[in-house]
Amino acid sequence: MTLHIETHGRGPVPLVLLHGWAMHGGLFAPLVEALADDCTLYVIDLPGHGYSRDCDLPLEPHVIAQTVAAATPPAVWLGWSLGGLVALVAALEQPQHVRGLAMLCATPKFVRDESWPHGNAPAMVRQLAQDLETDYHATLERFMALEAMGSPDPGAAVRRADAFARGEPKLRVLQEGIRLLENTDLREHLPRLGVPNQWIAGRRDRLVHPLSMQWSADAANGGFSEVAHAGHAPFFGHADAVAAALQPLLARFRANPTP
């Protein structure tokens, strides 16, 4: 089975949307609605997730980037959370196809170490991996609670019914995703990022700290903005603010739609 890709909107700017770990493209619905007049949106379900549950591609950024690029026109790419790793790899490897990059609550390195104080504790990531083996459903519930942490608006959280509206993700890709988050470090590649880029943080995000995104935007010579009061999924409850933060990137595509 191939990747599930939905097309929405009627606007002049093509925009690819890539979701985060254990989620699916349907969660972008509020952002799709906010951008429908500006963009034609290509909403991806990553392998093993949502309606791509039976797609046997690995959850590997290079493979996914090539597959999505082959199925979509040259476009601006937006990656949320883990989807940002796919979008960033695509922008680095295929700048002729990825004409602009939006990183939404996404980071080039997820795990903290001595050189990266803005990441998450390695023990937290290892615990997620262990818990997947023993209590799959409880682990996903706990991760959704982490996504909502910090946001004062209960309506801005990813709800269980929304997260599983397209079925449950496969355990294989959840494990692959944990390994990606644990081992990936793309910081050294940011200075050679050759496309316009915008880094959009949730000011109250407790999974991807805004300081990690500010640092990354500076390293990539990109723009940075924060969505006030938003947590890790700012398009819930704050879709208009995310759409507004994207406008400079969309305007650059309109001004220069060809390489």
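This is a predicted model: local features need pLDDT of at least 70, side-chain atom pairs count only at pLDDT 80 or more; totals for chains, interfaces and linings use all residues.

Colleague: Okay. And cysteine 105, buried or exposed?

Modeller: Cysteine 105 is buried, at 0% relative accessible area.

Colleague: Which cysteine sulfur is closest to that of cysteine 105?

Modeller: The one in cysteine 39, but the two sulfurs are 18 Å apart, too far for a bond. A disulfide needs the sulfur atoms within 2.5 Å.

Colleague: How many disulfides does that rule give?

Modeller: The count is zero.

Colleague: Where does cysteine 105 sit, then?

Modeller: In the loop between strand E5 (98–104) and H4. Cysteine 105 also has a positive phi of about 50 degrees, although it is not a glycine.

Colleague: Tell me about H4. Which of its residues are buried?

Modeller: Val125, Leu128, Asp131 and Leu132. Looking down the axis of H4, these buried residues fall within an arc of 125 degrees, so they line one face of the helix. The face turned away from that buried side carries the exposed residues Glu133 and Thr134.

Colleague: And how many residues does H4 have?

Modeller: Helix H4 has 13, residues 122–134, and spans 19 Å from first C-alpha to last, close to the expected 18 Å.

Colleague: Switching topic: where is histidine 229?

Modeller: Histidine 229 is in the loop between strand E7 (223–227) and helix H9 (235–255). Its phi is positive too, about 70 degrees, and it is not a glycine.

Colleague: How accessible is histidine 229?

Modeller: Histidine 229 counts as partly exposed, at 42% relative accessibility.

How values were computed. Residues are numbered from 1 along each chain as its sequence is written. Side-chain values use heavy atoms; hydrogens and water are left out. Buried means under 20% relative accessible area, exposed over 50%, partly exposed in between (1.4 Å probe, protein chains only). Helices (H or I, at least four residues) and strands (E, at least two) are DSSP runs, numbered from the N terminus. The expected span of a helix is 1.5 Å times one less than its number of residues. The arc is that of the directions from the helix axis to the C-beta atoms.
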